[in-house]
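Please look over the structure below before reading on.

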Amino acid sequence: MLKRKALAVGALALSAALLTTACTSRGNPNDTSADSDSGGSAGDQVAVAFVPKLQGIPYFEAMNAGGQSAAKELGIEWLYQGPTTADAAAQADIVRSFIQQKVDALIVAPNDPDSMAPLLQEAADAGIAVGTSDTDAPNSVREVFVNQASVEGIGQGLTDALLEAMGGSGKYAIVSCGETAANLNAWIDVQKAYTAEKYPDAEIVDIVYAGEDQAAATSMATDLMNAHPDLTGLVGECTSSAPGVAQAVSDAGKTGTVFTVGLGTPQSMKPYLEDGSSSASILWDVEALGYLTAWAGLQLVEGNEFQATNKVSDDLPEVEYDAENKVLLLGPPLRITTENVDDFDY
Amino acid sequence: MTVLDREPSEAVKPVARRVLPPPVTGQELVLVAVIAVLWVLLGIFTPSFLSPSSIQPLLVSVAPIALIGVGMTFIIITAGIDVSVGGAIALCAVVTAKLLVNYAVPLPVAVAASMALGLVLGLVNGTLIAYGRVHAIIITFGTANIFQFFALRVFGSSTVNNIPATLDVFGRGDVGRTFGVPHSFAITILVVLLAWWYLRHTAGGRHLFAIGGNANAARLAGVKVQPRVLLAYAITGTLVGLGACFLIAAGTSTLDQGVGIGRELAVIAAVVIGGTSILGGRGSVIGTLLGAILVQTVTSGVTQLGWPSQLANLFVGLFIIIAVGTDLLRERARRRKA
């Protein structure tokens, strides 16, 4: 009897432990076939490793594609591996393994900038050139941040695209994703300030957080339309909520009454751009961002100083560098509409 | 274990007819009251919570959680648990979405394929648990990762884009409703009623309770424990297959890798809030349906009131603690009486 009780207690404790660590362990890289097609040791090739927030989503896969084509053109080895969920601890494990492999450059899109900082220090101490891309870790020793678009560019691009559709005035709401996502929150701050300044007749009535869950984003967008019967605009702040808000508008039969914009990947937004439930998607050329990331890694390893404007490739003739903040800027954001959506295959 | 104390004391009484549990329990009535109060309050304090445009989408969101919750209730009644439903949802959903995109299969084929795949996944869980005699949480935690692995493989580092409108009959749009009732919710109600009848009125259903009360005693009393346990997981798997179709319909025309993440906890939350004892031996599918409605009411309510989104987590957490707490208190009271 005692033994069974002990077993039961043990099982309960174990199950509790499993449940609490569920995220972490599931985030372990189970897909080690990640794209290092040169395989094996790098020889005298410069090895640039990139750790995305999570792998397997079109956004970071497109970055990977860009990095790979840069690797081919520049003659470097491009290593790409990320966690399968956007989990800081799992990402840290991958960063550690790259430090142990003694790659030449390590570039991270951190899930949690603060907890990534000491790891980047560790990498720098090991003689690895460190940088961030897509998302910055400002309080770290990173030598460069490859910025996809300025915070102002994104925030103003979203606001302008939406207010153009709404006719310059009206009430709108934002469906964001993770509450702690630093880049999303920074864009939202710009949207608030820019809306107040440039569109005095427009008002942001609510900002909600759906996590990275499409169904939740759709359902919250529906709730927002019910809560504010005079709502005429919705913003989907990330790649899961951008199609979500458009779907909600289409389901409610409010296409043409409620307008939406978002940060969605082109192919996921295409049906909504075509049926009019989404007016535009604001994004940047993700493959070019991957290319620039690989290029920046190589410059760090070779010890080349960045210039105020850099010729990276034929497609990226003038990349600006902000020496004070050590930020490379990809360029102004793209507005994706029915006109150009087919130019992107991700 | 202790739940059994009740059974002999009832058995001593000379009864001529079968003893049936009450058709609804206290917990269910409490849930109905709580939901009713919340709906009235939300009706007063929001512009349109009680309008069809708000209640219909709410019921569409409830459907997959409550539907899979029916299976989860069966499992938890047998003192098991299934934490693999998130991974199973992801696998069923991505396979179904790919069938729709690449082969343009008609609705019945898509639904049947998804349910068949779900059944296979449920049989894998059930066989390992019933015949391998390893605790359910260990097995399903393992299969959760394996299902997720296969799902990610099928996704192949990309989302599934441009899913055709085939499954929209289960969605939030106009085609998803008949006489104002969302189809997915109507199907869920039907499944809940069937399950309620099965648990209450058939020997097989009562056996599930007996297994959860004390599996050894049930075995000695002649209950075929292993096939019954296997059945519970098989039913859950099949319902996961159907629920995955509901989730595709409730999402967008793009399916991403996040489709199953966290759903197992949402389903278990609905079951526990619905009054099913996590220790096994007691539970109700109607409670689970009400639990799912309560959770979605809180989530929608918080948004419609304009409150910060994270308050929904706080409320759901409190409901779980309160539900488990009252369950344990009742248990203690019952033991004292016996």
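This is a predicted model: local features need pLDDT of at least 70, side-chain atom pairs count only at pLDDT 80 or more; totals for chains, interfaces and linings use all residues.

Phe209(B) is buried, because 20 other C-beta atoms lie within 10 Å and a residue counts as buried at 20 or more.

**Phe209(B) and its surroundings**

- Phe209(B) sits in helix α8 of chain B, which covers residues 203-213.
- Leaving aside residues up to four places away in sequence, Phe209(B) touches Ile77(B) and Gly281(B).
- Arg282(B) is 73 residues away from Phe209(B) in sequence, yet the C-alpha to C-alpha distance between them is 6.3 Å.

**Domains of chain A**

- Chain A is assigned two stretches of sequence, 47-148 and 285-331, as domain 1, while domain 2 is made up of residues 151-283.
- Between the C-alpha centres of domain 1 and domain 2 of chain A there are 29 Å.
- Where these domains of chain A meet, five residues of domain 1 are in contact with five residues of domain 2.
- On the side of domain 1 of chain A that touches domain 2, four residues are nonpolar, one is polar and none is charged.

**Confidence in the model**

- The average pLDDT of chain B is 90, and 93% of the residues in chain B score at least 70.
- Residues 1-11 of chain B have a pLDDT below 50, and this stretch makes 16 contacts in the model beyond near neighbours in sequence.
- For the model, the ipTM is 0.85 and the pTM is 0.81.

Definitions and conventions. Residues are numbered from 1 along each chain as its sequence is written. Chains are lettered from A and ligands numbered from 1 in the order in which they are written. pLDDT is the predictor's confidence in each residue, from 0 to 100. Two residues are in contact if their C-beta atoms, placed from the backbone, lie within 7 Å. Domain bounds come from an automatic or database domain assignment. Ala, Val, Leu, Ile, Met, Phe, Trp, Tyr, Cys and Pro count as nonpolar, Asp, Glu, Lys and Arg as charged, and the others, Gly among them, as polar. Helices (H or I, at least four residues) and strands (E, at least two) are DSSP runs, numbered from the N terminus. A residue is buried if 20 or more other C-beta atoms lie within 10 Å of its own, exposed if 12 or fewer, and partly exposed in between; C-beta atoms are placed from the backbone.
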